[in-house]
Amino acid sequence: MTPAQLSRIIRHVLPDALPDGEIDRFVGEGAAGDAALFKGVRVVVQSPPRRGAGDYATGVAFQVAAACGRPAREIAQRLCARLEGEAGAVGGAEVVGGGFVNVTLTNEARVALLRALTESGPTEAAAPTGPTVPATAAEPNRSADRRTPTEAGTPPTAPADNAAPPTAPADSMAPPVAPTDVPARDIPRWAAATGEDPAVLAVRTERASSLFRVQYAHARVCSLLRNGRRLGLRPEVESAVPLGAAGARLLALLADRARLTAAGPLARHLDAVAQAFAAFHDVCPPLPRGEEKPGAAHRGRLALAEATGAVLAGGLSQLGVSAPAHL
């Protein structure tokens, strides 16, 4: 279940978030009354602002409370009951604070969400206009985890003898995944989106530069997928659950990416994803360490890493910034 899908479900059950007869009391009888009460309510579903239980969070109860004069916490409690009773993908819902609702998905819903994120890839992100960066002739076409068509199990297609080499449209961006980054181009674009000092972004450490954190996270994902193949490990979505706290936090941020379109919020969100991935990687290593044997848990963690790479690559492409496979 994506944030957009949960938002639609919440809007559907909102009329039942008031005690019986309360809608009639405030706005009159019938469906027209329901529409009048909830017309100005905007249902925003996002990853929980604070670390804690739940995949998603919404503060819609505060808007409803302001519209009808009921306590926000009471509205939130009734909304939780309706979500748990109606939405099959919801494993649990709880009230946090004065009226926020945190929603936890079922394992089945998490698997479906992770599969959708992995399969979406970076190509679904809208590519902005900008100068084309020519690809290196010697560099073969590769997927997000740096596989050539032969490595991925798909035979390469030979061009016809008289075929012209492919050219990119004048307003297209470089491919989302590049062999490495292009700091002279990437830093100004990232700085324009975030308002950060280009001189600070040029300090290539995770602590100093948000741009480096994001690009390094993507390169780390590519490295994990390459090394996983060497060990005979492939991403396996079904093995990703249970996620654990760090995995659930990361998955929620990945799903939250879809609602962000403006450059500044998107760049900051990618930074949050990169930091969440670093935390997940430290707690749940996607590859075995030492004498540890490869297992299903590692395949599941690689699936979450692969989804992270797809989201990072798509977001970086939308900003016109390289998504490097090596740093």
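## Report on a predicted structure

Pro242 lies in the loop that runs between helix 9 and helix 10 (244-256). Helices (H or I, at least four residues) are DSSP runs numbered from the N terminus. A cis peptide bond, with omega of about 0°, links Val241 to Pro242.

This is a predicted model, in which local features need pLDDT of at least 70 and side-chain atom pairs count only at pLDDT 80 or more, while totals for chains, interfaces and linings use all residues. Residues are numbered from 1 along each chain as its sequence is written, and side-chain values use heavy atoms, with hydrogens and water left out.

Helix 9 (residues 210-230) and helix 12 (residues 296-318) have axes, lines fitted to C-alpha atoms over the stretch in contact, that come within 9 Å and cross at roughly 140°. Helix 9 is therefore oblique to helix 12, a class for angles from 0 to 180 degrees between N-to-C directions that are not under 35, over 145 or 65 to 115 degrees.

Residues in contact (heavy atoms within 4.5 Å) include Val214, Ala217 and His218 of helix 9, and Leu302, Ala305 and Glu306 of helix 12. By class, this contact of helix 9 with helix 12 has 10 nonpolar, four polar and one charged residues, with Gly counted as polar.

| Residue | Relative accessible area | Class |
|---|---|---|
| Cys80 | 5% | buried |
| Cys222 | 1% | buried |

A search of the whole structure for disulfides (cysteine sulfur atoms within 2.5 Å) finds zero.

Technical notes: Buried means under 20% relative accessible area, exposed over 50%, partly exposed in between (1.4 Å probe, protein chains only). Helices (H or I, at least four residues) and strands (E, at least two) are DSSP runs, numbered from the N terminus.
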